[in-house]
Amino acid sequence: MKNGEPAVSVRGLRKHYKNVPVLENVEFDVEAGSIFALLGANGAGKTTTIKILATLLKPDGGTALVNGFDTAANPDEVRQSISLTGQFTAVDEILTGRENLMMIAKLRHLDDSRGIAEDLLDRFGLSAAAGRRAGTYSGGMKRRLDLAMSLVGRPSVIFLDEPTTGLDPEGRLEVWETVRGLAESGATVFLTTQHLEEAEKLADRIAILHQGGIIANAPLAELKKQFPPAKVEYIEKQPTLEEIFLAITGGKEEKQ
């Protein structure tokens, strides 16, 4: 990928299932080093889009470039530079956190698998739990381990398909913090979600997929300009349920 080129570039993307259109002429770019959120209801085609970009599915038309490589013509080159984390964690619950990471490093034929594991355990706040079986981890810890596993080999583009599915409020906040850290380290993060707050908190740019096409694609501030100014009223602000939950439980728990 040349300097200044988008990390992901999609043009005229189409995909049908049994003659039912899922994607029709989808187009967008993702700036390198940014967090890009793709929003849409269930069945809108978010996961289909990610599968095409990750070379797990072939489109019926159009082109998709990742790191400058065509996903259909150069799938091996694409796979070497990306990682994909699905909606549900893919950790081996019998292995410890450290063993999960070492296993992935060995499968990628990387030297010093233990050193790689220790570095990621520290980075994701899992060092204290490194010797425990992953099956004993909380949901948030499992998701952090899953994300750590996806970073073995230092991929430049990270696809996260609804990464906070099934997590409680504290687990979701932990993942948000981790995602921000990924972008700050220079990775490009492509995120799909149904949670509007998640996109609002994380994304540099938001695209909305609806009825097979992209109907909006802009930073949040620009999307807000498409709506009439809000009516100003002075009312007492009530805490959100999430704020109440965190206040009662004492805020974010220590990452153990």
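Which hand does the crossing of helix 3 and helix 5 have? The crossing is right-handed, where right-handed means that the near helix is turned clockwise from the far one by less than a right angle, and left-handed means anticlockwise. The legends below concern a predicted model, in which local features need pLDDT of at least 70 and side-chain atom pairs count only at pLDDT 80 or more, while totals for chains, interfaces and linings use all residues. Residues are numbered from 1 along each chain as its sequence is written, and side-chain values use heavy atoms, with hydrogens and water left out.

**View 1. Helix 3 against helix 5.** The axes of helix 3 (residues 97-107) and helix 5 (residues 139-150) come within 9 Å and cross at roughly 25 degrees. Axes are lines fitted to C-alpha atoms, for helices over the stretch in contact, and angles run from 0 to 180 degrees between N-to-C directions. Helices (H or I, at least four residues) and strands (E, at least two) are DSSP runs, numbered from the N terminus. Helix 3 and helix 5 are therefore roughly parallel to each other; angles under 35 degrees count as roughly parallel, over 145 as roughly antiparallel, 65 to 115 as roughly perpendicular and the rest as oblique. Gly 97, Asn 100, Leu 101 and Ile 104 of helix 3 meet Leu 145, Ala 148 and Met 149 of helix 5, contact being heavy atoms within 4.5 Å. This contact comprises five nonpolar, two polar and no charged residues. Nonpolar covers Ala, Val, Leu, Ile, Met, Phe, Trp, Tyr, Cys and Pro, charged covers Asp, Glu, Lys and Arg, and the others, Gly among them, are polar.

**View 2. Helix 3 against helix 4.** The axes of helix 3 and helix 4 come within 8 Å and cross at roughly 130 degrees. The two helices are therefore oblique to each other, and their crossing is right-handed. The residues of helix 3 in this contact include Arg 98, Met 102 and Lys 106, and those of helix 4 include Arg 114, Glu 118 and Leu 121. By class, the contact has seven nonpolar, two polar and four charged residues.

View 3. Six strands form an open sheet in the order 6-7-8-3-9-10, with mixed pairing; two strands pair if DSSP finds at least two bridges between them. Strand 6 (82-85) and strand 10 (213-218) are the edge strands, each pairing on one side only. From one strand to the next, the twist averages 15 degrees. Strand 3 (residues 35-39) and strand 8 (residues 188-193) run parallel and are joined by five bridges. Phe 36 has Phe 190 of strand 8 as its bridge partner.

**View 4. Thr 188 in strand 8.** Thr 188 is found in strand 8 and, at 2% relative accessibility, counts as buried. Buried means under 20% relative accessible area, exposed over 50% and partly exposed in between (1.4 Å probe, protein chains only). Not counting residues up to four places away in sequence, Thr 188 touches residues including Ala 7, Val 30, Ser 34 and Ile 158.

**View 5. Helix 1 on the sheet.** Helix 1 (residues 46-53) lies across strand 3, strand 6, strand 7 (157-161), strand 8 and strand 9 (205-210), at about 150 degrees to strand 8. Six of its eight residues are buried, so helix 1 is largely enclosed by the rest of the structure. Among the buried residues are Lys 46, Ile 50 and Leu 53.
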